[in-house]
Amino acid sequence: MTRFSGVTPSGNATLGNYLGAIRRWASEGRPGDLYFVSDLHGMTSAYNPQRLRVLARELLANLVASGIEPDQVFVQSDLLPQLGALTWILECTCSFGEAARMTQFKEKSNRRELEATPVRVSLFTYPVLMAADILLQGADEVPVGEDQAQHVELARTLARRFNGAYGDAFVVPRAVTPPAGARIMDLADPSRKMDKSARDAAGVLFVMDEPDLLRRKIRRAVTDGLGRLEYRPAEQPGLANLLEILAACTGKPVRETAGGFGSYGELKEAVTEAVIEELRPVRERTQELLADTAELDRIRARGAALASERGAHRLAAARRLAGVG
Ligand code: TYM
């Protein structure tokens, strides 16, 4: 059984990435699991190459600092030749209609059009690259938030279709959606998910934020004028989000977290302390790793070698079966 998932360096890791994904990968990790920094996915809109490089390194350090085994992490671009090849084979397996149905593409391309920025072809094809990521490594379980489940579904469809048409090359993966803390929302606008590439970071808590900054952002979190300390996501989305963050940090069920606070201010204090303590060890260990360039380079090179070795026979089989190898 192989679990496999990734995080894209389109910005610094957020509390949402950490609680919704990375922390779970670290705590539930088994020997065959694999996690990666999907830097190639960070190229689907305008980006700065130098910043992409720096962010990929920081995210790699975040993964290891969170407790994922160093042998179980890699950076996607280190496998570019293999992934490029497999993406092509899978693009030849995927219909235009299937790719066009991807909700993330529709949302993101609409936004770009509104902003009058060009929509890159790679934004359209990136779910196929994501399928290549998954299928190359023979992953059977892909833990992702709800936002990515549709992409895993596509990987599943493509694996089945390829196996059916040409012969068995791929393990058929499935998405596993984490039950609690699955979606952390932006503190300034609780109708939006907390996103590392948000234009305005006032409501985004980053893993590497210093405690003072976390405190300021949480103090300004949008709530409501009802003054009612209950978990009601539909009526009180801002408050519900704070309660979910607190629940995720303390390990208590979310419905039990609302009791015991006299005011929204008191709740925010508790959320602040919980978030600071949750992130402190990860931030400090990340800083140590970033300062030790040789060690981080070693981890990166070893992870790339292991992942590449692991995928080589699947790519070879897919090429042979597809008549191009
Ligand atoms: P990315 O970088 O957008 O997100 C990484 C993981 O964090 C989860 N996540 C959240 N969870 C809770 N609350 C939030 N606010 C929040 N924001 C993000 C995401 O659901 C995800 O699990 N395309 C992927 C990376 C990827 C990948 C893959 C994953 C590339 N190839 C292959 C699995 C398999 C992405 O951009 O994730």
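A residue is called buried when its relative accessible area is under 20%, exposed when that area is over 50%, and partly exposed in between, with a 1.4 Å probe and protein chains only. By this scale glycine 265, at a relative accessible area of 41%, is partly exposed. Glycine 265 belongs to helix α11 (residues 264-291), where helices (H or I, at least four residues) and strands (E, at least two) are DSSP runs numbered from the N terminus. Between the C-alpha atoms of glycine 265 and valine 119, which are 146 residues apart along the chain, the separation is 43 Å.

The model is predicted, so that local features need pLDDT of at least 70 and side-chain atom pairs count only at pLDDT 80 or more, whereas totals for chains, interfaces and linings use all residues. Residues are numbered from 1 along each chain as its sequence is written, and side-chain values use heavy atoms, with hydrogens and water left out.

β1 (4-7) pairs with β2 in the parallel sense over 4 bridges; two strands are said to pair if DSSP finds at least two bridges between them. Together with α1, the strands β1 and β2 make a right-handed β-α-β unit. A crossover is right-handed if, with the strands pointing away from the viewer, the path from the first strand over the helix to the second runs clockwise.

Strand β2 (residues 34-37) directs Leu34 and Phe36 one way and Tyr35 and Val37 the other way, and all of these are buried. β2 also pairs with strand β3 (residues 73-75), again in the parallel sense, over 3 bridges. Here phenylalanine 36 stands opposite phenylalanine 74 of β3. A right-handed β-α-β unit is likewise made by β2, helix α2 (residues 49-65) and β3.

The ligand is considered next. Its shell holds 26 residues, of which Thr8, Gly145, Asp147, Ile184 and Lys196 come nearest; a residue is near a molecule or strand if one of its heavy atoms lies within 4 Å of it. At least two residues of the shell are supplied by each of β1 (4-7), α1 (15-28), α6 (121-136) and α7 (146-166). By class, the shell has 11 nonpolar, 10 polar and 5 charged residues. In this division Ala, Val, Leu, Ile, Met, Phe, Trp, Tyr, Cys and Pro count as nonpolar, Asp, Glu, Lys and Arg as charged, and the others, Gly among them, as polar.

Several individual positions complete the description. Alanine 26 is found in helix α1 and counts as partly exposed because its relative accessibility is 21%. The C-alpha atoms of alanine 26 and leucine 242 are 23 Å apart in space, the two residues being 216 apart in sequence.

Valine 204, in the loop between β5 (174-176) and α8 (211-219), counts as buried because its relative accessibility is 0%. From valine 204 to phenylalanine 261, 57 residues apart in sequence, the C-alpha to C-alpha distance is 24 Å.

Arginine 320 lies in helix α12 (residues 293-322) and is exposed, with a relative accessible area of 54%. Although arginine 320 and glycine 167 are 153 residues apart along the chain, their C-alpha atoms are separated by 9.8 Å.

Alanine 116 occupies the loop between α5 (103-114) and α6, and it counts as exposed because its relative accessibility is 69%. Most residues other than glycine have a negative phi. The phi of alanine 116, however, is near 60 degrees, a positive value.
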